[in-house]
Amino acid sequence: MILETTIIIIYTIALLLIFMYALAQLNLLFNYLSSKRKQDNSESFDFSNPEEVPFVTIQLPVYNEMYVMERLLDNIAKIDYPHDKLEIQVLDDSTDETVESTRAHVEALAANGLDIKHITRTDRTGFKAGALKEGLKIAKGEFIAIFDSDFLPETDWLKRTIPYFKDENIGVVQTRWGHLNRNYSLLTKIQAFALDAHFTLEQVGRNSKGHFINFNGTAGVWRKTCIIDAGNWEGDTLTEDLDLSYRAQLKNWKFKYLENVQTPAELPIVISAARSQQFRWNKGGAENFKKMMWRVLKNENISTKTKVHGLLHLLNSTMFLNVLIVGILSIPMLYIKNEYTHLKPYFYIMSFFVISTIIFFICYWFMYKNTYGSGIKNFIRYIGMFFVFFSIAMGFSLHNSIAVLEGHWGKKSEFVRTPKFNINSIKDSWKKNKYIKKTISVHVIFEGILMLYFAFGMYSAFIVGNQGGDFGLFPFHLMLFLGFGYVFVKSITSKV
């Protein structure tokens, strides 16, 4: 009975943690809905008055971006802002032939009167954080706008963001990510679904009540003095953006999130690229929890509610570990339930935690209708998308849990960039992308084993008990089977 008791305790703790996270999401939904009733107005700048217009530096951290560099540079060159108050830094850590092609493109733009510089380093110390820090040393701007290589800001982007800095307490203005290839494949639809939840529900829900949010690494502007005051960029975590965001807010800098300013970008279209991005984000989140937890708890200038939301924010990625634990233990729990009938009251209580899924369903619906609109047809589509999203998210839970555990254990790893594709140029050009990871991770084998394990879970529903089976967990095991099956098959076939 010791083994059974241990399984029950671990299973219960994981369910409770998921439930706490769901309640926090519900609170963010209430915050989000209340924020919609408020008018958000920035103070205006007179961009025709040279004395009023601040100097801005745009930083473009890039690394081996063969397929998107030309598009990026041509787009940034069109930014509508007084040229005598704008400089562009191309922070190029590339190690391939793109160094020369980028240099030539930068020189051509500079010849047309644009203040643009091609900055390279002899080594990649600190990776992206190191490049940003290096560029900051010589940046002339009072404000620093940052764009990753696959982002395409509108021409009026600076004019819509810079005016918010008239409030001297604001250190960062972050804009919402858009998706250039949202409907390219099921994989891109799922990624867009998850990111839309973050950029509506979470960012607005936290920011509207003064809770900590994060600069998302791109499509935002920093006040230069805020970066310096917070301790500058540090490369000791894989999510340097989250790290600096928390250090800045712990120094009482305010962040401003603009849901109405959308900055289009490209989603990974092959699963190997999505896996590497997910691994970096989730490991970096765990690293930052380890780095920031005590700083948040000990800070006397923030409210208890902000501390709770901050810790849950930093623990976002750890929810994958809880989901994996619940999934794996749910099959032995099915047998325990039917073998130890005196535990029936416990299982009745545990069934209450299905409310976590209902909360997520409600929260994500408000996000979904914000993008696609309401109505019965969209709601029916949403039900299908929610089912598919949750299944595939659970299918990534092993991969992401390994990232989380590495982050909590302090295992260091290299910053692995996400390959960019520029899929709008040539049909199926992604197949020739030289940056695609060709090797298959050993994690994929275990994902295949878990697919079979949850198939056994579905089979178990028919054979346990004395009265024709127990199908209470069948839908859950079906979703896990489909999720791990999708991730496994896509990973070994390397298809979109």
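Helices (H or I, at least four residues) and strands (E, at least two) are taken here as DSSP runs, numbered from the N terminus. The model is predicted: local features need pLDDT of at least 70, side-chain atom pairs count only at pLDDT 80 or more, and totals for chains, interfaces and linings use all residues. Residues are numbered from 1 along each chain as its sequence is written, and side-chain values use heavy atoms, with hydrogens and water left out.

## Individual residues

Glu100 is part of helix H3, which spans residues 98-111. Its relative accessibility of 52% makes Glu100 exposed; the scale sets buried at under 20% relative accessible area, exposed at over 50% and partly exposed in between, with a 1.4 Å probe and protein chains only. Between the C-alpha atoms of Glu100 and Tyr32 there are 47 Å, the two residues being 68 residues apart along the chain.

Two asparagines have a positive phi although neither is a glycine: Asn64, at about 50°, and Asn232, at about 70°. Asn64 belongs to the loop between strand S1 (56-62) and helix H2 (69-76), and its relative accessibility of 7% classes Asn64 as buried. Asn232 belongs to the loop between helix H7 (224-229) and H8. With a relative accessible area of 13%, Asn232 is buried.

Thr188 is located in helix H6 and is buried, at 0% relative accessibility. Contact means heavy atoms within 4.5 Å. When neighbours within four places in sequence are set aside, the contacts of Thr188 are Asn181, Arg182, Asn183, Leu267, Pro268 and Ile269.

## Helix packing

Axes are lines fitted to C-alpha atoms, for helices over the stretch in contact, and angles run from 0 to 180 degrees between N-to-C directions. Angles under 35 degrees count as roughly parallel, over 145 as roughly antiparallel, 65 to 115 as roughly perpendicular and the rest as oblique. A crossing is left-handed if the near helix is turned anticlockwise from the far one by less than a right angle, and right-handed if clockwise.

| Helix pair | Angle | Distance between axes |
|---|---|---|
| H8 (residues 240-250) and H9 (residues 271-298) | about 10° | 10 Å |
| H1 (residues 2-35) and H13 | about 30° | 9 Å |

H8 is thus roughly parallel to H9, and their crossing is right-handed. On the H8 side, the contact is made by Leu242, Asp243, Tyr246, Arg247 and Leu250, and on the H9 side by Gly285, Asn288, Lys291, Met292, Arg295 and Val296. These residues comprise 5 nonpolar, 2 polar and 4 charged. For this classification, Ala, Val, Leu, Ile, Met, Phe, Trp, Tyr, Cys and Pro count as nonpolar, Asp, Glu, Lys and Arg as charged, and the others, Gly among them, as polar.

H1 and H13 are likewise roughly parallel to each other, whereas the crossing of H1 and H13 is left-handed. From H1, the residues in contact include Ile18, Phe19, Leu26, Leu29, Tyr32 and Leu33; among their counterparts in H13 are Ile355, Ile359, Phe360, Cys363 and Phe366. The contact of H1 with H13 has 15 nonpolar, 3 polar and no charged residues.

## Aromatic pairs

Rings of Phe, Tyr and Trp (its six-membered ring) pair if their centres lie within 6.5 Å; planes under 30 degrees apart count as stacked, over 60 as edge-to-face and the rest as tilted. The count by this rule is 40 aromatic pairs. Trp177 and Phe199 form a tilted pair, because their ring centres are 5.0 Å apart and their planes stand at 35°. Trp177 lies in strand S5 (residues 170-179) and Phe199 in helix H6 (residues 186-207), so that the pair links distant parts of the chain, 22 residues apart. Trp177 and Phe199 are both buried.

The pair of Phe360 and Phe390 is also tilted, with centres 5.8 Å apart and planes at 50°. Since Phe360 is in helix H13 (residues 355-372) and Phe390 in helix H14 (residues 376-395), this pair ties together parts that are 30 residues apart in sequence. Phe360 is buried at 8% relative accessibility, and Phe390 is buried with a relative accessible area of 18%.

## Helix H4

Helix H4 (residues 127-136) is largely enclosed by the rest of the structure, because 7 of its 10 residues are buried. Those buried residues are Lys128, Ala129, Gly130, Ala131, Leu132, Gly135 and Leu136. Their cover includes S1, strand S2 (86-92), strand S4 (143-146), H7 and H8.
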